[in-house]
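The sequence and the model are shown next.

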Amino acid sequence: MRIELMNCRIDNLSMAETVETVGRFISGGGSHQHVVVNVDKMVKANRNPELLEIINSCDLINADGMPVVWAARFLGRPLKERVAGVDLFRALVERAAREGWRIYFLGARQEVVSRVVEVFCREFPNLQVCGWRDGYWKPEEEAQVVEEIRRSRPDILFVAISSPKKEQFLGQYAREMGIPFSMGVGGSFDVVAGRVRRAPLWMQKVGLEWFFRFLQEPKRMFRRYFVDDAAFLVLLWREWRKKKE
């Protein structure tokens, strides 16, 4: 079942149900795009109609971030659970190694994405990596990047470039590349490569993973978490008022 929260659509699925849905996408053919929504992305989507349209047109939309789960519960549209992008990323790589799905890794710096490939291939020896490249290319090189991925014929494309660039890239090219399942994974490459540490489990459970990230990169994350994302409270208040009317 799909709910709507602050103009963004979200599929009410557990992690296990999400992984099974991806399996059906891959076995069924066609091209499917995935996105996760968190506080930052919901704020950006409500300011950017193009981004909102891309998100809402995706075939699979998960809530990544406890504040989104709490907001849904507060507004009377409870979600089964948070489906964190980094956890789904790892779960799908593990499933791909079992099922023989071909994977392409796109994004981050070259040393980071190459490290991701190294880590996963060591952890999952049966994993079929059909290609990888960094996330830095010039506008005139974009067609070449798209063609390279298309020729690699992946079952899954993981994209680790910044928002809204990754949503726009997938929204424009996913079907042209003919990939059964495409997923933006944000900073997950940095986590797998060991460049960024995840918060302790207790902080994840109580919704403080964002604060742990802020402590690691305070200068970079201050504006995002304490200025830009404050607009989420305004969106929540408006949604609550609308519900009361």
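## Asparagine 48 and the basis of the model

Asparagine 48 is situated in the loop that separates helix 2 (39–47) from helix 3 (49–56); helices (H or I, at least four residues) and strands (E, at least two) are DSSP runs, numbered from the N terminus. With a relative accessibility of 22%, asparagine 48 counts as partly exposed. Here buried means under 20% relative accessible area, exposed over 50%, and partly exposed in between (1.4 Å probe, protein chains only). Asparagine 48 and leucine 13 are 35 residues apart in sequence, and their C-alpha atoms are 26 Å apart in space.

The model is predicted: local features need pLDDT of at least 70, side-chain atom pairs count only at pLDDT 80 or more, and totals for chains, interfaces and linings use all residues. Residues are numbered from 1 along each chain as its sequence is written, and side-chain values use heavy atoms, with hydrogens and water left out.

## Overall architecture

The secondary structure of the protein chain consists of 13 helices and eight strands. The C-alpha trace spans about 55 × 40 × 35 Å along its principal axes. For 245 residues, a compact globule would have a radius of gyration near 18 Å, and the protein chain agrees with this at 18 Å. The radius is taken over C-alpha atoms, and the globule rule is 2.2 Å times the number of residues to the power 0.38.

Of the 245 residues, 53% count as buried. The accessible surface of the protein chain amounts to about 12,200 Å², and carbon and sulfur atoms account for 51% of it; accessible areas come from the Shrake-Rupley method with a 1.4 Å probe, and for residues only the protein chains shown count as cover. Among contacts (heavy atoms within 4.5 Å) between residues at least 6 apart in sequence, 75% join residues at least 24 apart.

## Charges and salt bridges

The protein chain has 39 positive and 32 negative charges, whose mean positions are 4 Å apart. Lys and Arg count as positive and Asp and Glu as negative, whereas His and the chain ends are not counted; the place of a charge is taken as NZ of Lys, CZ of Arg, CG of Asp or CD of Glu. Side chains of opposite charge can pair when their charged atoms come close. With a salt bridge defined as a side-chain nitrogen of Lys or Arg within 4 Å of a carboxyl oxygen of Asp or Glu, the count comes to 21 salt bridges.

One of these pairs glutamate 17 with lysine 80, at 2.9 Å from N to O. Glutamate 17 belongs to helix 1 (residues 15–28) and lysine 80 to the loop between helix 4 (66–74) and helix 5 (85–99), so the pair ties together parts that are 63 residues apart in sequence. Glutamate 17 is partly exposed, with a relative accessible area of 31%. In a further salt bridge, the closest N and O atoms of arginine 77 and glutamate 239 are 2.8 Å apart. This pair links distant parts of the chain, 162 residues apart: glutamate 239 is in helix 13 (residues 231–244), and arginine 77 is in the loop between helix 4 and helix 5. Glutamate 239 is buried at 9% relative accessible area, whereas arginine 77 is partly exposed at 24%.

Aspartate 134 and arginine 133 also form a salt bridge, with their closest N and O atoms 3.5 Å apart. Both aspartate 134 and arginine 133 are buried. Salt bridges with shared partners join Asp64, Arg82, Asp87, Arg198 and Glu209 into one network.

Leucine 157 lies in strand 7 (residues 156–160) and is buried, at 0% relative accessibility. Leaving aside neighbours within four places in sequence, its contacts include Tyr104, Leu106, Ile149, Met177 and Ser182. Tryptophan 137 is 20 residues from leucine 157 along the chain, and their C-alpha atoms are separated by 17 Å.

Serine 182 is located in strand 8 (residues 181–184) and is likewise buried, at 0% relative accessibility. Beyond its neighbours within four places in sequence, serine 182 is in contact with His32, Gln33, His34, Leu157, Leu170 and Ala174.

## Positive phi angles

Most residues other than glycine have a negative phi. Asparagine 7, although not a glycine, has a positive phi of about 75°. Asparagine 7 occupies the loop between strand 1 (2–5) and strand 2 (8–11) and is partly exposed, with a relative accessible area of 34%.

Arginine 153 also has a positive phi, near 50°. Arginine 153 is found in the loop between helix 7 (142–152) and strand 7, and at 58% relative accessibility counts as exposed.
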